[in-house]
Amino acid sequence: MALKVIGAGFGRTGTLSLKVALEKLGFGPCHHMKEVMLRAEQTEYFYRASLKESVDWDEVFKNYHSAVDWPAAAYYKELAGKYPDAKVILGVRDPNSWYDSARNTIYQVHTHFPKWIKFIFRRLNRLFKMVEITVFGTPFSNRFEDKEFAMQAFNEHIETVKKMIPEERLLIHSAKDGWEPLCKFLNVPVPEEPYPWVNDSKIFARRILVIKFLKWLPLILLAGIMIGLLR
């Protein structure tokens, strides 16, 4: 199963909405970071790729017709060369809005996820090492906390994609554009229903609260034990 659509946009540029849209248009299943989080083999593939080990992309995407979001977007040049008939979609967003969204969601999860859980579960440890390299390391030279630098890297990525991918093969896409440009680009009919708008910021907020609680859980339990022993 060769990829028909390759997403080159960074995470938090409407990639989850695009995933839903592509699946609605018949280009699913669509690969997304969710797949890497849920599937052990996907974690392993992209962990190895982050270490610059050779990866069989046909094996990685054997069950998918499209791919968006991290970590696949990090390899858009390789994938575009591997699948020359695939079209490329570059998700864009206002840089300031993008940075604030990324920093308040995926970066918080990555920063606060408990080390003790990663120590216990080998796959989670590999997943977060991959994210550290692929999502926050290489693209931002490990300077994601520097907002101006990160936004500059974001803008430079967009310009690089424009230069690398031929115009006739590339769609510069924003969720607010709706169905029409996307459907015209992919040569498929426009659905009657509205373009999907998947805003998962509230879900992330709940996850971050849980993660912060788990981060301090061992100390909370230890304190409880100590208090119990002192009574």
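1. Helices here are DSSP runs of at least four residues, numbered from the N terminus. The model is predicted. Keep both points in mind for the notes below.

2. Start with the second largest pocket. Its volume is about 580 Å³. The lining holds 24 residues, and those closest to the pocket centre are Ala74, Tyr75, Thr134, Thr138 and Pro139.

3. Which elements give two or more residues to this lining? They are helix H3 (40–50), helix H5 (76–82), helix H9 (122–134) and helix H10 (147–164). H10 supplies the largest share, with six residues.

4. Next, the make-up of the lining of the second largest pocket. It divides into 13 nonpolar residues, six polar and five charged.

5. Now the surface. Phe119, Ile120 and Phe121 make a nonpolar patch of about 400 Å². Phenylalanine 119 sits in helix H8, which covers residues 115–120.

6. Is phenylalanine 119 buried or exposed? The relative accessible area of phenylalanine 119 is 75%. Exposed means over 50%, so phenylalanine 119 counts as exposed.

7. Last, look at aspartate 56. This residue lies in the loop between H3 and helix H4 (57–60).

8. How far apart are aspartate 56 and tyrosine 45 in sequence and in space? In sequence, aspartate 56 and tyrosine 45 are 11 residues apart. In space, the C-alpha to C-alpha distance between them is 8.5 Å.

How values were computed. Residues are numbered from 1 along each chain as its sequence is written. This is a predicted model: local features need pLDDT of at least 70, side-chain atom pairs count only at pLDDT 80 or more; totals for chains, interfaces and linings use all residues. Side-chain values use heavy atoms; hydrogens and water are left out. On a 1 Å grid over the protein atoms alone, a cavity is a set of points where a 1.4 Å probe fits but cannot get out, and a pocket is an open set with protein on both sides within 12 Å along at least five of seven lines; lining residues have an atom within 4 Å of a point. Grid points are joined across faces, edges and corners, and a volume is the space filled by probe spheres set on the points. Ala, Val, Leu, Ile, Met, Phe, Trp, Tyr, Cys and Pro count as nonpolar, Asp, Glu, Lys and Arg as charged, and the others, Gly among them, as polar. Patches are made of residues with over 30% relative accessible area and no salt bridge: like charges are joined within 9 Å, nonpolar side chains (Val, Leu, Ile, Met, Phe, Trp, Tyr) within 5 Å. Accessible areas come from the Shrake-Rupley method with a 1.4 Å probe; for residues, only the protein chains shown count as cover. A salt bridge is a side-chain nitrogen of Lys or Arg within 4 Å of a carboxyl oxygen of Asp or Glu. Buried means under 20% relative accessible area, exposed over 50%, partly exposed in between (1.4 Å probe, protein chains only).
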